[in-house]
Amino acid sequence: MSEKFSLSIEDLHVSYQLSGSAGKNKIARAVDGVSLQLHPGETLALVGESGSGKTSIANAVMRLLEPTSGKILLDGVDLVPLQGSELRAMRRNFQMIFQDPFESLDPRQRVIETVMEPLEIHGIGENQEQRRDLALAALAQAGLRPAADIGDRFTHQLSGGQRQRVAIASAIILKPSLIIADEPVSMLDVSLRAGILRVMADLRDQLGVSYLFITHDLSLAWMFADRIAVIYLGRIVEEASAVDLIENPMHPYTKALVSVIPVPEAIEGASRTILSGEIPSPSSIPSGCRFHPRCPLFRELGEPEKCLNEDPLLQISAKSESHLVACFFSDPSKGDTQ
Amino acid sequence: MSLLEIRDLHVSYPNRKGEFFAVDGVDLTIEQGEFVGLAGESGCGKTTLALSIPQLLPEHSRIAAGSISFNGVDTTALNEEGLRAIRWKEISVIFQGALNALNPVQTIGSQIQEPIRIHDESVSKKEAQDRTLELLEAVGIPSHRASDFPHQFSGGMRQRVMIAMALSCMPKLVIADEPITALDVMTQAQILDLLRSLCDKYKLSMLLISHDLSVLAQTCDRVAVMYAGKVAEQGPTSRVFGSVGAQHPYTQRLLRAYPNIRHERKFIDGIPGYPPDLSTLQVGCRFADRCDVALSRCATEVPDLIDIGGNQSVACHLVSENQVGVQ
């Protein structure tokens with residue numbers, strides 16, 4: 001593949017050894033063979049429930065945890081084997097925005113110091129004066145105006161929305177090619193969410209930054225992202241353009257997720273598929289297709305052997321080359337593959 | 001007679017200048033068996049309103065004026081003893097963030113049983129045990145798990161335990177304050193479905209608080225939207241989210257703040273500015289300075305909650321002027 005990707009994750013595995021009496025010698029496979037590609041300037045939403053492995057993927061890309069195996073290519077360079085100064089040098093190219101703007105900033109620091117810090121670490125700017133100007137520009141870009149006034153405050157004096165903007169300013173100041181945003185608006189009041197997402201969208205247009213947008217909220221992913229990948233128990237089960245995924249979900253899990261998206265409309269007898277049970281533990285992944293114990297289609301088809309014994313791979317669906325699905329039976333155009 | 005009738009309720013908190021009203025003249029009615037949703041941004045008074053019903057308000061706050069008639073009894077006139085007789089038995093609350101409120105060293109079965117025996121001494125231990133097992137099954141937990149401890153349950157299952165506890169004394173009204181906020185999407189759908197079916201099965205009345213209007217649209221019979229301590233709009237779900245649509249500019253803006261997958265894909269809108277600081281004097285419509293269709297009178301005159309037909313009412317000068325025009 002000669003195509004240039006901003007981020008290319010190849011067959012990523014993240015496993016944890018469980019400790020404690022309950023899980024002795026058990027291995028939790030939090031990420032169990034995930035491949036994802038992100039083009040420059042593109043936004044890919046990674047959507048899943050808690051325990052699906054989406055945050056482990058983010059942490060592996062950020063090198064906050066060591067992958068068990070697989071490659072993480074950033075602008076063509078594999079991050080996994082990098083250590084020390086080599087990794088530090090690469091770090092300016094990928095940044096993260098965390099969910100909780102109250103915990104991710106140091107309350108004893110002035111805003112301007114927080115935003116200047118990455119510049120100092122990476123030795124960017126000739127002097128404090130220049131770094132200060134860069135930081136003020138980043139604050140203004142994140143929609144914090146007047147930047148000088150906000151910069152002088154302590155982070156604890158800011159509202160949640162303002163703090164998340166400070167986090168965005170700190171993330172963009174090094175002009176990264178990739179920003180990982182882990183539920184960036186889920187802690188904010190609904191009236192403030194649009195403002196934060198708008199700033200992120202503007203940065204995408206102005207700086208060409210690509211986003212790995214991690215969320216549990218499928219409708220937000222649909223609105224903000226170009227593509228959506230749905231993750232279940234450490235595996236991508238479906239991937240398509242945002243509009244296609246919502247309009248034509250194929251995997252039974254995605255179908256159920258789409259059917260329960262709350263819509264502010266009174267719809268009589270709207271057919272919702274509420275799955276019973278919960279996502280199993282990554283230390284006891286079901287055999288065959290990992291979704292089969294909760295799958296409505298599996299029951300509807302009379303519990304086919306194939307779902308019990310074989311692990312479906314994420315494959316191009318017959319419908320579209322850009323629509324991938326990991327299910328033996330959800331692709332009607334392929335016919336019965338048994 | 002309605003099960004709950006709140007009239008002109010004022011609830012105040014003290015501040016340096018004296019006191020301010022977190023709930024400022026609210027009317028709300030809940031019929032028996034009715035599922036009512038209460039929406040609004042954080043700090044708009046939803047929780048204060050809800051907790052004033054069983055009078056579980058924080059210390060120093062007080063009901064300054066108005067009445068709360070529950071089953072024909074004004075709860076604002078009851079003493080502690082009288083209130084104890086209705087809490088849990090008549091009105092129970094599923095508190096926000098209650099997932100972590102379970103006692104970690106007590107089995108969930110005994111935690112559900114406890115209120116039954118405390119609130120009704122005539123219930124024998126055996127009866128309380130039987131009711132506990134029945135409640136567990138009713139909320140979707142296999143009864144053999146009664147002897148398990150909270151840490152053995154997921155967040156969604158713990159919320160089911162909280163619901164079973166709230167139902168343990170067979171109350172007439174259950175108040176659920178953001179019961180699904182910390183849960184996953186599919187678990188949210190499960191819990192809402194459960195609340196709705198319990199409401200229908202036991203003829204319960206339910207007051208569900210959520211900041212998310214779309215959650216209420218799919219679950220409730222009727223919704224009330226609060227803004228800055230007042231009800232901005234209320235009406236049957238079928239009207240507010242259906243045939244007639246939301247009429248108050250605040251409700252409309254709240255709706256535009258969420259993506260709607262049934263419509264064309266477009267960027268969500270925020271609501272500029274912030275809710276007013278209630279500790280300062282409020283004149284006119286409280287939403288006026290964030291409202292893009294405000295009239296000049298909105299800055300000075302407080303709009304009344306006007307019935308626009310079909311049991312839908314709206315507190316907005318623009319809406320009432322258009323109403324007059326139509327009639």
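View 1. Three residues, A:Val190, A:Trp222 and A:Pro264, supply 18% of the area that chain A buries against chain B, more than any other three residues. Keep in mind as you look around that this is a predicted model. In this view, 41 residues of chain A are in contact with 40 residues of chain B.

**View 2. What holds the two sides in touch.** Which kinds of polar pairing turn up across the interface of chain A and chain B? Twelve residue pairs are in polar contact there, while the count of salt bridges between the two chains is zero. On the side of chain A that touches chain B, the elements giving two or more residues are α7 (190–207), α8 (218–224), α9 (242–247) and α10 (252–259). Helix α7(A) makes the largest share, with eight residues. Sorted by class, this side of chain A has 25 nonpolar, eight polar and eight charged residues.

**View 3. A hairpin in chain B.** Here β1(B) and β2(B) form a hairpin with two residues between them. Strand β1 covers residues 4–15 and strand β2 residues 18–30; they run antiparallel and are joined by ten bridges. To find your way, look for B:Leu4, whose bridge partner in β2(B) is B:Ile30.

View 4. B:Arg62 and B:Glu19 form a salt bridge, their closest N and O atoms being 3.1 Å apart. Because B:Arg62 lies in strand β4 (residues 62–70) and B:Glu19 in strand β2 of chain B, the pair ties together parts that are 43 residues apart in sequence. B:Arg62 is partly exposed at 42% relative accessibility, and B:Glu19 is partly exposed at 34%.

**View 5. A salt-bridge network in chain A.** A:Arg29, A:Asp32, A:Arg235, A:Arg290 and A:Asp311 are linked in a network of salt bridges. Within it, A:Asp311 pairs with A:Arg235, the closest N and O atoms being 3.1 Å apart. A:Asp311 sits in the loop between α12 (305–309) and β11 (315–316), and A:Arg235 in strand β10 (residues 235–241), so this pair ties together parts that are 76 residues apart in sequence. A:Arg235 is buried, with a relative accessible area of 18%, whereas A:Asp311 is partly exposed at 34%.

View 6. The side chains of B:Asp292 and B:Arg253 meet in a salt bridge (3.1 Å, N to O). B:Arg253 is buried at 10% relative accessibility, while B:Asp292 is exposed at 53%.

Conventions. Residues are numbered from 1 along each chain as its sequence is written. Chains are lettered from A and ligands numbered from 1 in the order in which they are written. This is a predicted model: local features need pLDDT of at least 70, side-chain atom pairs count only at pLDDT 80 or more; totals for chains, interfaces and linings use all residues. Side-chain values use heavy atoms; hydrogens and water are left out. Contact means heavy atoms within 4.5 Å. Buried area is the accessible area (1.4 Å probe) that two parts lose on being put together, summed over both. A salt bridge is a side-chain nitrogen of Lys or Arg within 4 Å of a carboxyl oxygen of Asp or Glu. A polar contact is a pair of N or O atoms within 3.5 Å; within protein, one must be able to donate a hydrogen and the other to accept it, and residues adjacent in sequence count only if both atoms are side-chain atoms. Helices (H or I, at least four residues) and strands (E, at least two) are DSSP runs, numbered from the N terminus. Ala, Val, Leu, Ile, Met, Phe, Trp, Tyr, Cys and Pro count as nonpolar, Asp, Glu, Lys and Arg as charged, and the others, Gly among them, as polar. Two strands pair if DSSP finds at least two bridges between them. Buried means under 20% relative accessible area, exposed over 50%, partly exposed in between (1.4 Å probe, protein chains only).
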